[in-house]
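Have the viewer open and follow along.

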Amino acid sequence: MKPWIKYIRQLNADKELLSIYFQLRQQFQKEGWTEKDLEKPPYYTQEIMSLFERFNMERKRIGSELTKYFGNLDLSDYMDYIQHRMAEVDKETPLTDKRYNNKDYLDNGD
């Protein structure tokens, strides 16, 4: 295990980042968004924008902290690690598939 990953895990340094991401996913659920919607969001609520800004600030803060203690960090490794952790949150907060939640779809049998 890479030292910086061990650092994050032992200190739970990504706890706030994952908490913010969890809140974002809850907002996506509230809006009825699908995973496909996340590729090109149909709109942005004030709450989503605020959480997204907080998420980016926290992601950068952790990256800076890791660079401070471990020198230059491979950005792609860091992002892979973050995406892996986010995927764990995704499993806890699945998004809907509008095809199956759309009343017209169900009524028409399409």
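This is a predicted model: local features need pLDDT of at least 70, side-chain atom pairs count only at pLDDT 80 or more; totals for chains, interfaces and linings use all residues.

## Ground rules and overall layout

A contact here means heavy atoms within 4.5 Å. Residues are numbered from 1 along each chain as its sequence is written, and side-chain values use heavy atoms, with hydrogens and water left out.

The protein has 7 helices and 0 strands, where helices (H or I, at least four residues) and strands (E, at least two) are DSSP runs, numbered from the N terminus. Along the sequence that reads α-α-α-α-α-α-α. The accessible surface comes to about 7600 Å², and 51% of it belongs to carbon and sulfur atoms; areas come from the Shrake-Rupley method with a 1.4 Å probe, and for residues only the protein chains shown count as cover. Of the 110 residues, 32% are buried, using these cut-offs: buried is under 20% relative accessible area, exposed is over 50%, and partly exposed is in between (1.4 Å probe, protein chains only).

## The core

In soluble globular proteins, nonpolar side chains tend to be buried together. A nonpolar core is a set of buried Ala, Val, Leu, Ile, Met, Phe, Trp, Tyr and Cys residues joined through side-chain atoms within 4.5 Å. The largest one here has 23 residues, and those with the most contacts inside it are Trp4, Ile8, Leu24, Phe55, Leu66 and Ile82. The elements giving two or more residues to this core are α1 (3-11), α2 (15-31), α4 (46-70) and α5 (75-92), with the largest share, 6 residues, coming from α2.

Which residues of α1 are buried? They are Trp4, Ile5, Tyr7 and Ile8. Just after α1, Asn12 has a positive phi of about 55°.

In α2, the buried residues are Leu17, Leu18, Ile20, Tyr21, Leu24, Arg25, Gln27 and Phe28. Their cover includes α3 (35-39), α4 and α5. After α2 comes Gly32, with a positive phi near 75°.

## Aromatic pairs

There are 7 aromatic pairs in the structure. Rings of Phe, Tyr and Trp (its six-membered ring) pair if their centres lie within 6.5 Å; planes under 30 degrees apart count as stacked, over 60 as edge-to-face and the rest as tilted. The rings of Trp4 and Tyr78 have centres 6.3 Å apart and planes at 70°, so this pair is edge-to-face. It links distant parts of the chain, with Trp4 in helix α1 and Tyr78 in helix α5, 74 residues apart. Ring pairs also join Trp4, Tyr78 and Tyr81 into a cluster. Trp4 is buried at a relative accessible area of 7%, and Tyr78 is buried at 3%.

Phe28 and Trp33 make a stacked pair, 5.2 Å centre to centre with 10° between the planes. Phe28 is buried, with a relative accessible area of 9%, and Trp33 is buried, with 1%.
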